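Student: Please show me the model, and I will ask about its chains in turn.

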Amino acid sequence: MPLILHGLPPLHWALAGIGIAGVTLALLLLANRRLGISTGFEDICSLALPLPYFQRAAVTSGRGWRLPLLAGLVLGGFLSAVLGGGWQPTWALGLFDEAIGLGPAGKLAWMFVGGLFIGFGTRLAGGCTSGHGIFGLANLELPSLVTTISFLGAGIVTTYIVYRVLFPLVGL
Amino acid sequence: MTLVYLILGTVFGFILSRSGAADYGFIQGMFLFTEFQLYGIVAVAVLVTAPGIWLIKRRGRTILGQRLSIEMKPFHRGNVAGGVLFGIGWSIAGMCPGPILVNIGEGKIYALAALAGALVGAGLLGACYPALQRPFALPPLKVGAGEG
């Protein structure tokens, strides 16, 4: 299966896994940092919201390293597009376009709702795929195993409902 | 050090972009068990990171000589409830938090809506935290929900 991005072939999974492990270990070995992306949402919130939750030390003390890391993720995606065939704004969403086919306004609404679940859920769970799924599992932490099983299970059920029940696609 | 974090983030973002981890179709394929790609990526990442963390812990210090201290994530009912909510969102958007940012960088316009939703969602959790603390047995604010 090609990527939505310029129809590029994906990197081999083993290579990608080793690369992600390299970044995770570099953060720890260079700077004593535990990989985690969703806490970065709190960092951004803390810039605008005076709630006590966002002004606690665990958030404000981490902004200095997590915000550049998050900026790097955007830059990495940008470079990937530039080097892979050129950067251009796009609404293309692959499978979604074939099976569900909402226009731009519908996509924005769909993604906003997804984002709501992601933002609220990851912060309630204390982490996402990176902090729980990769670092937490690799560090043999039980809360991370429980969280990972929970989000994987819920994702499997939700995608089943969307693509097998509501919008079934022949050949998928 | 800011530059180091920016570079590591860029490398991470590039890998997520090119591996399928930030691709809507590969995420749905993972959840439908029609694509092995994401399972392979996460399995290799965890299997390589685990001995690496063990070795760095044994060393006990960073490259710059700082004493190692890994903040452990607290165990509470929010792990299951939050995990389930996040899984629903991951399936709907086809992106987890890192890939939301990667997709924005790639030029996928709808990813901006996912980021807006995620920030509102995180803001809501922050606003509701005092009310959720008892039912979900969440840690006191000083400790926080951990990094991740």
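Student: What percentage of the 172 residues of chain A count as buried?

Tutor: This is a predicted model, in which local features need pLDDT of at least 70, side-chain atom pairs count only at pLDDT 80 or more, and totals for chains, interfaces and linings use all residues. Residues are numbered from 1 along each chain as its sequence is written, with chains lettered from A and ligands numbered from 1 in the order in which they are written. A residue is buried if 20 or more other C-beta atoms, placed from the backbone, lie within 10 Å of its own, exposed if 12 or fewer, and partly exposed in between. For chain A the buried share is 53%.

Student: How many residues of helix α5 of chain B are buried?

Tutor: Helices are DSSP runs of H or I with at least four residues, and strands are runs of E with at least two, numbered from the N terminus. α5(B) spans residues 97-106 and is mostly covered. Among its buried residues are Pro97(B), Ile100(B) and Glu106(B). The count is 10 of 10.

Student: Which helix supplies the largest share of the side of chain B that touches chain A?

Tutor: The contact takes 117 residues from chain A and 107 from chain B. Helices supplying at least two residues each on the chain B side include α1 and α5. The largest share, 17 residues, comes from α6(B).

Terms used:
Contact = placed C-beta atoms within 7 Å.
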